[in-house]
Protein chains: 2
Amino acid sequence: MDEGIIPLDAETKVSERPADHEAELRLWLRLLTCTTLIEGEVRRRLRDEFDVTLPRFDLMAQLDKAPNGMTLGELSQRMMVSNGNVTGLAERLAEQGLLDRRAAPNDRRAQIVSLTAEGRRAFRAMARTHEDWIAEIFGSLGAGEIEQLMALLAKTKSSARKALTERQTS
Amino acid sequence: MDEGIIPLDAETKVSERPADHEAELRLWLRLLTCTTLIEGEVRRRLRDEFDVTLPRFDLMAQLDKAPNGMTLGELSQRMMVSNGNVTGLAERLAEQGLLDRRAAPNDRRAQIVSLTAEGRRAFRAMARTHEDWIAEIFGSLGAGEIEQLMALLAKTKSSARKALTERQTS
DNA sequence: TGAAATTACTTTAAGCTTAAAATAATTGTC
DNA sequence: GACAATTATTTTAAGCTTAAAGTAATTTCA
């Protein structure tokens, strides 16, 4: 590569041109490839078998775990998407009769959404098949490997969150 | 978490339900969460620091590795996105003067795209910073852990590809 | 109390993404 | 050489996604 100019804050410990972080970069690309591959396949199957989009399925999955429903804001946090995104998704699911919206009891700004009976039935049917797909896709991994991956990904997640937080508060 | 008890709906065919694949499902969710978290942060930083979108950065990254350029089809395959998607991205990058399009010598259907000098310069500058971000985000992982993750993700990828292929040919 | 700040949500504009259909050029087959 | 099949790309329609700005309700606190 090229020699690179050392930035002004040379008093910090990174005064030398940092070693290249090729290993981390390749790990990130592999992680991304893996996820993209699987996500694409799941999206395709949901569309082909159930005529549903992945974002709608994800939203329903969150609501299925919350029998009493939750606010759009909570949904947005759990899905890790923007508020406006959830507004639109909920709108379309409500149009389909799969989702119910009601005003929050103590806060007139908020509304609580939950699955309708039909929505719950539809989701449960899809979820069962979906679980089989996932089992199939990860089928070559043994129980021990799954456990290892879980642990390493947990560590990765907390590493990423740490980087996010540190930047946020600096 | 819940302990695998099947809630509600006990009257449905829950009794003959095959072994649950909860471990695989949780692994998939964790993989997705991890990737989404990191991808979102990278997108945010690219936008804030360089005013570029992640898809455009990804496209440029592919072209940077191919000094002689490549066809849109090849780009689409490598990026794992649809052809139409690449058409639009390339269009916008060409408008910005970062990308050059020329007819393929032997095939009048195809066009070969490559980075302009400006595009290459812009990408290299972004890539250096990007690599530092990734190193920071994965900073809590040791070399051994990175190696382990690489291996397990390679296995996961091949497991997923196998599931895709088998379905495709059945 | 009441103004300021915060919170929950919606709207908007721009861009990303896909599947499917359409167009145009090339290749295979007889 | 015809002509069917394939390939490379573009177009279209629908939906997803975000950031930023806007609206309305709630909370904070002097």
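Chain A of the predicted model contains 6 helices and 3 strands, where helices (H or I, at least four residues) and strands (E, at least two) are DSSP runs numbered from the N terminus. Read from the N terminus, the order of these elements in chain A is α-α-β-α-α-β-β-α-α. Residues are numbered from 1 along each chain as its sequence is written, and chains are lettered from A in the order in which they are written. Local features need pLDDT of at least 70 and side-chain atom pairs count only at pLDDT 80 or more, whereas totals for chains, interfaces and linings use all residues.

Chain A has 170 residues, of which 21% are buried (20 or more other C-beta atoms within 10 Å of the residue's own, with C-beta atoms placed from the backbone). Among contacts in chain A with a separation of 6 or more, 42% join residues 24 or more positions apart; a contact requires C-beta atoms, placed from the backbone, within 7 Å.

The contact between the chains involves 47 residues of chain A and 45 residues of chain B. On the chain B side, two or more residues each come from helix H1 (22-50), helix H5 (117-137) and helix H6 (143-168). H6(B) gives the largest share, 17 residues. By class, this side of chain B comprises 24 nonpolar residues (Ala, Val, Leu, Ile, Met, Phe, Trp, Tyr, Cys and Pro), 10 charged (Asp, Glu, Lys and Arg) and 11 polar (the others, Gly among them).

Terms used. A residue is buried if 20 or more other C-beta atoms lie within 10 Å of its own, exposed if 12 or fewer, and partly exposed in between; C-beta atoms are placed from the backbone. Two residues are in contact if their C-beta atoms, placed from the backbone, lie within 7 Å.
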